[in-house]
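Subject: Structure handover

Hello,

Here is the structure you asked to take over. Please keep it open while you read the notes below.

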Amino acid sequence: MKDENFLKYLYKIGRIRKIRKNNILFYEGEKAKHFFILLQGKIRVYKHAKMNKEITLHYFKPFDFIAEMPAFKKINYPASAICEEEGKVLEINFIEFENLCNKNNEFNLILISSLLNKIKILEKKILQNSLDLKTKLLKYILENEKKLDTILQKQIAIDLNVRVQSLSRVLKELKLAKLIDIKKGKIEIINKKILLDEVWQN
């Protein structure tokens, strides 16, 4: 099924919601009666930890499914979702989507594919949490190499769920080792080969 046909069916059972930057899409603990497809913008899903700390779980980009797992299981949202920039979502009642799946098996495959992707996201997060900060940062730098000139250190700290002070110490260590440089607060890779070697050794 082509993307445009897929969305055409979903538009019939959903409603488009415009979302402003910093608006909450849903809160942790709310009953998950709906799930969402991000049409435009960026959504960050996070959990609250001790000392009012936020743990970022994932960022969603356009046409990703959001919160289909709790809607499918008929449980509460296990995390909160905030809009990082202005955009739009398609809000879908899961019961209506379930009826659509019963009529068209292709939607079952789309749902299964999305649920499997969520498992991969969880596996990646578990792996990330098992790494020390230096390795986490090295992997992050390499994975985001093409857009490092647009990422603030504060954003990196949020993405890695670490304190800015801790991040700064590791960045200083990498700079002294001449693996990276920092210009106007942005990271620039100097020696990619050694960065890759460091990651593979851990």
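Two strands count as paired if DSSP finds at least two bridges between them. Helices (H or I, at least four residues) and strands (E, at least two) are DSSP runs, numbered from the N terminus.

This is a predicted model, in which local features need pLDDT of at least 70, side-chain atom pairs count only at pLDDT 80 or more, and totals for chains, interfaces and linings use all residues. Residues are numbered from 1 along each chain as its sequence is written, and side-chain values use heavy atoms, with hydrogens and water left out.

E7 and E8

Strand E7 (residues 180–183) pairs with E8 in the antiparallel sense, over four bridges. Ile-180 has Ile-189 in E8 as its bridge partner. The two strands form a hairpin with two residues between them. Lys-184, in the turn, has a positive phi of about 55 degrees. Strand E8 (residues 186–189) has Ile-187 and Ile-189 on a covered face. Lys-186 and Glu-188 lie on the uncovered one. In a regular strand, side chains alternate between the two faces of the sheet.

E3 and E4

Strands E3 (residues 34–48) and E4 (residues 54–60) run antiparallel, joined by six bridges. His-48 stands opposite Glu-54 in E4. Five residues sit between the strands of this hairpin, and Met-51 takes a positive phi near 60 degrees.

Val-89

Val-89 belongs to strand E6 (residues 80–93). Is Val-89 buried or exposed? Val-89 is buried, with a relative accessible area of 0%; buried means under 20%, exposed over 50%, partly exposed in between (1.4 Å probe, protein chains only). Leaving out residues up to four places away in sequence, its contacts (heavy atoms within 4.5 Å) include Arg-15, Leu-25 and Phe-36.

Best wishes
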